[in-house]
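Dear colleague,

I am passing on a structure that you have not worked with before, and I would be glad if you could look it over. My notes on its pockets, its confidence and its aromatic rings follow below.

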Amino acid sequence: QPAERGGVGQQAGLQAPAVAALQQVRQALALAQRSGDVYLGAGARAALGLLELTLGRPPEAAEILLEITAPDRTDLTYVATVGPAIDAIEAIVRGGLPHEQAEAPLQLLRDWAQHAPIDVNRSLLARSEALLATRDTEK
């Protein structure tokens, strides 16, 4: 992933807060790797994905976030994957990536909204569905 390779700090126009955020993500990733903490690692990867999205690199963000929300990830719970699923869908839409890539994170959000049917969960699902529907209508 681009931000992890160290090229981010050298890109023109990158502001100090983004560099500081990247350094913190790298520290969290290193700590997760040393400790074997799966949730810390997922949280750090989610932060990296959101940072990529914020910096205007939705395809890179989607790649990172989709890894966290992959259906074969049995080592994470909804709590660790709902946020990245929402961001993954936004990255897919912003990046103009194939709609099919949003199927797994969207299903995760549907499952979560059914499992915990409170307004906030239904709203997050509706937001994600609306993002995808808007993109489909624009085609």
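**Pockets**

The second largest pocket has a volume of about 160 Å³. The model is predicted, so to speak of local features a pLDDT of at least 70 is needed and side-chain atom pairs count only at pLDDT 80 or more, while totals for chains, interfaces and linings use all residues. Residues are numbered from 1 along each chain as its sequence is written, and side-chain values use heavy atoms, with hydrogens and water left out.

A pocket here is an open set of points, on a 1 Å grid over the protein atoms alone, where a 1.4 Å probe fits and protein lies on both sides within 12 Å along at least five of seven lines; lining residues have an atom within 4 Å of a point. Grid points are joined across faces, edges and corners, and a volume is the space filled by probe spheres set on the points.

The lining of the second largest pocket includes Leu29, Asp37, Arg45, Glu67 and Arg73, and its residues divide into four nonpolar, two polar and five charged (Ala, Val, Leu, Ile, Met, Phe, Trp, Tyr, Cys and Pro count as nonpolar, Asp, Glu, Lys and Arg as charged, and the others, Gly among them, as polar). Its largest share, four residues, comes from α2, where helices are DSSP runs (H or I, at least four residues) numbered from the N terminus.

The largest pocket holds about 190 Å³ of space. It is lined by 13 residues, and the closest to its centre are Thr69, Ala70, Pro71, Tyr78 and Leu108. Helices α4 (78-94) and α5 (103-115) each give two or more residues to this lining, with the largest share, four residues, coming from α5.

**An aromatic pair**

The structure holds one aromatic pair. Tyr78 and Trp112 form this pair, which is tilted, at 5.1 Å centre to centre and 40° between the planes (rings of Phe, Tyr and Trp, the last by its six-membered ring, pair if their centres lie within 6.5 Å; planes under 30 degrees apart count as stacked, over 60 as edge-to-face and the rest as tilted). Tyr78 lies in helix α4 and Trp112 in helix α5, 34 residues apart.

**Confidence**

The protein chain averages a pLDDT (the predictor's confidence in each residue, from 0 to 100) of 87, and 85% of the residues score at least 70. Confidence is highest in helix α3 (residues 58-68), at a mean of 96, and lowest among the helices in α6 (residues 119-138), at 85.

With best regards
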